[in-house]
Amino acid sequence: RLCRAVCEKALGGAAPANLAFLTDAVECFHKASLAHDDAQDGDELRYGRPAVWKARGVAMAIAVGDWLLARGYDLVAHSGFPDAPGMLAACARAHLLLAEGQGDELAARAEGRALTVDEYVSVCARKTGEGFALAAELGARAAGTDPAAYRDYGLAWGVLYQIRDDAADGSPAAPVS
């Protein structure tokens with residue numbers, strides 16, 4: 001929805017039909033991150049149902065997540081937008097940052113320590129924040145406009161969303177120190 005809303009706002013009207021390639025890619029990236037994250041965190045439920053790893057095993061959760069990532073990149077590559085190379089670079093950057101954020105979260109857990117407040121906000125920014133930022137950036141790029149302000153908006157929204165979500169469910173990822 002964010003990708004579409006940004007594109008329509010930037011265009012001042014309806015988004016082109018091929019935006020569906022990008023919105024579907026964003027959804028693939030999001031679901032991939034959830035499949036991987038649930039397996040890594042041992043979260044047994046997703047949307048009130050057994051998480052992929054719980055229902056089908058960790059190996060299947062990894063395979064599903066990897067397939068979704070590949071499918072998302074394929075959708076962007078075949079979207080027909082002139083800026084598809086820039087869009088693919090944005091996707092790669094977002095995924096690198098997401099992996100770094102997840103790595104920092106897992107490292108703290110392996111060390112048996114809570115994240116500091118600064119570390120926690122950094123993890124939120126690189127995981128959820130980057131997902132929202134990418135959705136906004138792709139929408140802006142599809143409209144042919146400078147994505148910087150939209151990307152910043154998406155990043156801020158994603159960080160706030162994750163903090164609210166963690167506070168609501170008492171997540172152990174939230175800092176206690």
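Start with helix 6 (residues 117–142) and helix 7 (residues 148–169), which pack at an angle of about 135° with their axes 6 Å apart. Helices (H or I, at least four residues) and strands (E, at least two) are DSSP runs numbered from the N terminus. Axes are lines fitted to C-alpha atoms, for helices over the stretch in contact, and angles run from 0 to 180 degrees between N-to-C directions. Helix 6 is therefore oblique to helix 7; angles under 35 degrees count as roughly parallel, over 145 as roughly antiparallel, 65 to 115 as roughly perpendicular and the rest as oblique. The model is predicted: local features need pLDDT of at least 70, side-chain atom pairs count only at pLDDT 80 or more, and totals for chains, interfaces and linings use all residues. Residues are numbered from 1 along each chain as its sequence is written, and side-chain values use heavy atoms, with hydrogens and water left out.

Helix 6 passes helix 7 in a right-handed crossing (left-handed if the near helix is turned anticlockwise from the far one by less than a right angle, right-handed if clockwise). To see the contact (heavy atoms within 4.5 Å), select residues of helix 6 including Tyr120, Cys124, Phe132 and Ala140, and residues of helix 7 including Tyr150, Trp157, Tyr161 and Asp166. The residues of this contact of helix 6 with helix 7 divide into 14 nonpolar, five polar and four charged. Here Ala, Val, Leu, Ile, Met, Phe, Trp, Tyr, Cys and Pro count as nonpolar, Asp, Glu, Lys and Arg as charged, and the others, Gly among them, as polar.

Next, select Ala143, in the loop between helix 6 and helix 7. Leaving aside residues up to four places away in sequence, Ala143 touches Cys7, Ala10 and Leu11. Its C-alpha atom is separated by 8.9 Å from that of Lys9, 134 residues apart along the chain.

Leu2, Val6, Lys9 and Ala10 of helix 1 meet Tyr150, Tyr153, Gly154 and Trp157 of helix 7.

Helix 1 (residues 2–11) also packs with helix 2, the axes coming within 9 Å and crossing at roughly 145°. Select Cys3, Arg4 and Cys7 of helix 1 with Leu19, Ala20, Leu22 and Thr23 of helix 2.

Last, go to the second largest pocket, with a volume of about 230 Å³. Its lining includes Lys31, Asp38, Tyr47, Pro50 and Leu68. Helix 2 (19–41), strand 2 (49–50) and helix 4 (58–77) each supply at least two lining residues, and helix 2 gives the largest share, four residues. By class, the lining has eight nonpolar, no polar and four charged residues. A pocket is an open set of points on a 1 Å grid over the protein atoms alone, where a 1.4 Å probe fits, with protein on both sides within 12 Å along at least five of seven lines; lining residues have an atom within 4 Å of a point. Points are joined across faces, edges and corners, and a volume is the space filled by probe spheres set on them.
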